[in-house]
Amino acid sequence: MNSLRIGFTRGEGVKFISHLDLMKVFERAIRRSNLPIAYSQGFNPHPQMVFGLPLAVGMTSECECADFELTEEIAPGQFMERLNKSLPEAIRITAAAHKSSKKNIMASIAGADYVLEIFSDEDISFHTAKQRVGSLLNRESIKVLKEAKGKDRSTAFREVEIRPLILNIELEPIECRPEGYEIFQSAFVIKAGFKAGSEANLRPELFINALCEQANISVVASRIHRKALYVCVGGRMIDPMDEAALI
Amino acid sequence: MQVILRDELLQSVEKPARYTGGELNAFVKNPAEVDIRFAFCFPDTYEVGMSHLGMRILYGLLNERVDTYCERVFAPWIDMEARMRENKIPLFSLESREPVGNFDFVGFTLQYEMSYTNVLNMLDLAGIPLLRDDRKEGQPFVCAGGPCAYNPEPLADFVDFFMMGEGEEIINEVMDAYKQWKSEKASRNDFLNRIVSIEGIYVPGFYSFSYNEDGTIKAFEALREGYPTKIRKRIIGDLDSVYYPDKMVVPYLSIVHDRTTLELFRGCTRGCRFCQAGFVYRPVRERTPARLKEMANRLQDSTGYEEISLISLSTSDYSGLPELTSSLLDDMEAKKVNLALPSLRIDSFSLELMEKAQKVRKSGLTFAPEAGTQRLRDVINKGVTQEDLLNSVGLAFKGGWNGVKLYFMIGLPTETMEDVEGIAVLGKKVVDEYYQVPKDSRNRRLEVTISTSSFVPKPFTPFQWEPQDSMDTLREKQSYLKMRIKDKHLRYNWHDPETSFLEAVFARGDRRTGRVLLRAWELGCKFDSWREHFKFDEWMNAFEDCGIDPAFYANRKRGYDEVFPWDHIDVGVSKGFLLRENGRAQQEEITPNCMTSCSGCGVASFGCGICIDYQGRKGGDGDE
Ligand code: SF4
Ligand code: SF4
């Protein structure tokens, strides 16, 4: 069986669609493109595709990835070109490569980098913010409450330890604010690396909650962008499009 | 100026993708480069509005014009409306995200009466004065069309002009007139004066009503000589050559009808006497299978939808159905696309077809006998016999189907408790039919659902003179049925009579009822077709505040010589014909459908569709 892996971006225009709806977007784009993609058997055949780590509603990304099973050989470049023609502008495929590894992309994700733009209604200087973030990170343990939806749709909260999930954090001043965000007193950019995937995963919103509750930075608005995804191969964190991840 | 929607606002509402646009096949134009900006408004949620074919057609058609940018606007859901009002964000269009108040036209499609308060609410959110008399030079023209526009009077105080009938031609004529007018910088009133003579245009401000002491209408008058006093609906004679979009917007979130839709024909031959669509969309005009096939393939290639559905009023009457479906099935199979069949008349042909098309779940077959006894079915001219129905369900059960839905109406003219009981009896017979099928060829777990809605007398039907049952009577009939439907395989669903009561008021409402709409909206009524937001008590308060008795509109039997609020609208079907049909209903006599013979309803005067086949043979052009 032929397999391909693609890397793609999700822009502002599709940041509010759910992961499930994104799959539909791909399914329809595939049908429009007439690409030789394998379909599942059964009454309601679905194209055989697997996505990396689902992106939460409201985020943009430059590093999504997905694997496709094909029924015939096709050059990755051609695949990319044809699928790009069918996809809405806000989703662009940026890379495509043959893949021989049997490893499921969804199960292999191990880490992710994010760029968080955070906005506060308090006037906090960059210096102060840096100190506060720094002292938060100096702790050995950071516990936050995580929402867990029960079966009966009730919400319960559970305390989780997030310190070990934070790989690196860098605070920067914001260079230019997006339109509409001038109204906030202060704004910063945080470049963050978190553990991600099915084994251990830190959602950026949870980290922002920790900033609010434990670092004394009141975040009233935020914009989150995923910058990179990593898979773990032989103990190394590498790009899913890297040769080593594909074979 | 675009409105700004920050992420945290969108994150705080349900389904933010309702408000962000940018879908595949949506039109992207530079607003600065067009002459006309048209806000096409659907007074309900995105998911409901996007499912509406008429909107998709006119959206495409208007955007074919380089001088026009047509954009979509839906009613923001309660949560979004609250955030918009808090943040002083006006109603905006999905495409350019610009305030609707800056457009040239704000056009509403009126599909059901219970959306009227949303029309007012959207105008208010847009910052456009609700009353047309309060609008100033430079503000948008508010227009409306769609089936409910055939009785325009309840909305007459809010709408600058209505477009009657099918929109494909008339809307272009209006745009042309507007462009000319705009270049001459003339007054608002001047524009309305220019379009009033276009066939199908109704400018309510140019007419007035006077009333008798008993509250009925005395006269409808034009305020000036020269204004047409009969406004005739527009129709498209040849559906093969009329515009149909090659591409349709593919939403990012699931909508009600999330598939490619193919319109086979317009109109319906059957003339069920309660059915407004059956009269106002006459005559039947079909597309050819060749044209439909071409449309289907183009749409599939541009949307990539997983399903395509054939829609029309009574799809199984389509003369080219075998030819169309067998070739579509082949084309679509190759594209891995499902063909969704509409409710078909069941015979061996259609069963085989459904077998091929759906492959899957054999549940949900629907039938609409509408009334429980043959006598009452004759009264309403529903040409279905008990034998037909039982044969059909028998065939279906043998074919492995195990779910049947039966739709009925209660409160039909001349209905007695015996007729109501007939609904339960018929349901039981359907269950019995199942047990006639040998055990090994029937599917297990039978489920028959009986649903009743309450009859709403509508304009332009033979029952337009008839009263609606009071809510108490309707409830009595419902509880009687609940008692009579006892079989463990039978389930019973019913509609609350309150909604039907309000529908009955506004379906046949006159210009005075507009005040009630305004008051109800002031009292917080909106999204009235959504159960969780329906505020019946506030509606009753609104009637009281306005000194208007709703029963006068809903529950009153009209005299045959009464002037109706919609008498100045001409849908082609003559009042004389409707009167004759009313008489035949009382006599329990059925009238043949247009496929069998022409009964001279008057629509032949349009000179197209099925009527042409009769011309020269028989008095096809009516009796007036
Ligand atoms: S078959 Fe009867 S109910 Fe159905 S659309 Fe035609 S006239 Fe109306
Ligand atoms: S004129 Fe005759 S054929 Fe034409 S719609 Fe009326 S009844 Fe049918």
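Predicted model: local features only at pLDDT ≥ 70, side-chain atom pairs only at ≥ 80, totals over all residues.
B:Glu370 sits in strand E15 of chain B, residues 365-370, and its phi is near 65°, a positive value in a residue other than glycine. Helices (H or I, at least four residues) and strands (E, at least two) are DSSP runs, numbered from the N terminus.

Residues are numbered from 1 along each chain as its sequence is written, chains are lettered from A and ligands numbered from 1 in the order in which they are written, and side-chain values use heavy atoms, with hydrogens and water left out.

Staying with the backbone of chain B, B:Asn25 also has a positive phi, near 75°, in a residue other than glycine. B:Asn25 lies in the loop between helix H1 (7-11) and strand E1 (36-42) of chain B, and with a relative accessible area of 15% it is buried. In another loop of chain B, the one between helix H8 (276-280) and strand E12 (285-286), we find B:Pro283, and the peptide bond that joins B:Arg282 to B:Pro283 is cis, with omega about -10°.

Now to the interface. How many residues of chain A are in contact with chain B? There are 28 from chain A, in contact with 28 of chain B, contact meaning heavy atoms within 4.5 Å. The two chains bury about 2,400 Å² between them, 55% of it on carbon and sulfur atoms; buried area here is the accessible area, with a 1.4 Å probe, that two parts lose on being put together, summed over both. A:Phe16, A:Arg28 and A:Arg31 supply 31% of the area that chain A buries against chain B, more than any other three residues.

Turning to charge, the rule finds six salt bridges across this interface, a salt bridge being a side-chain nitrogen of Lys or Arg within 4 Å of a carboxyl oxygen of Asp or Glu. One that I would point out joins B:Asp258 to A:Arg28, with the closest N and O atoms 3.5 Å apart. Helix H1 (19-33) and strand E10 (219-233) are the elements of chain A that give two or more residues to the side touching chain B, and H1(A) gives the most, with seven residues. That side of chain A divides into 13 nonpolar, six polar and nine charged residues, where Ala, Val, Leu, Ile, Met, Phe, Trp, Tyr, Cys and Pro count as nonpolar, Asp, Glu, Lys and Arg as charged, and the others, Gly among them, as polar. A network of salt bridges links A:Lys24, A:Glu27, A:Arg28, A:Arg31, B:Asp258 and B:Glu306.

Over all chains the structure holds 76 salt bridges, and I will go through three of them. In chain A, the side chains of A:Arg223 and A:Glu12 meet at 3.1 Å, N to O. A:Arg223 lies in strand E10 and A:Glu12 in the loop between E1 and H1, so this pair ties together parts that are 211 residues apart in sequence. A:Arg223 is buried, with a relative accessible area of 17%, whereas A:Glu12, at 44%, counts as partly exposed.

In chain B, B:Arg85 pairs with B:Glu81, the closest N and O atoms being 2.8 Å apart, and both lie in helix H4 (residues 78-86), four residues apart, about one turn of the helix. Here B:Arg85 is partly exposed at 37% relative accessibility, while B:Glu81 is buried at 4%.

I will finish with A:Arg10, in strand E1 (residues 2-10) of chain A. Which side chain of opposite charge is nearest to A:Arg10? That is A:Glu64, 5.5 Å away, and A:Arg10 is buried yet has no salt bridge; for charge, Lys and Arg count as positive and Asp and Glu as negative, with His and the chain ends not counted. Leaving aside neighbours within four places in sequence, A:Arg10 is in contact with residues including A:Leu22, A:Leu55 and A:Glu64.

Methods: Buried < 20%, exposed > 50% of the residue type's maximum accessible area, 1.4 Å probe, protein only.
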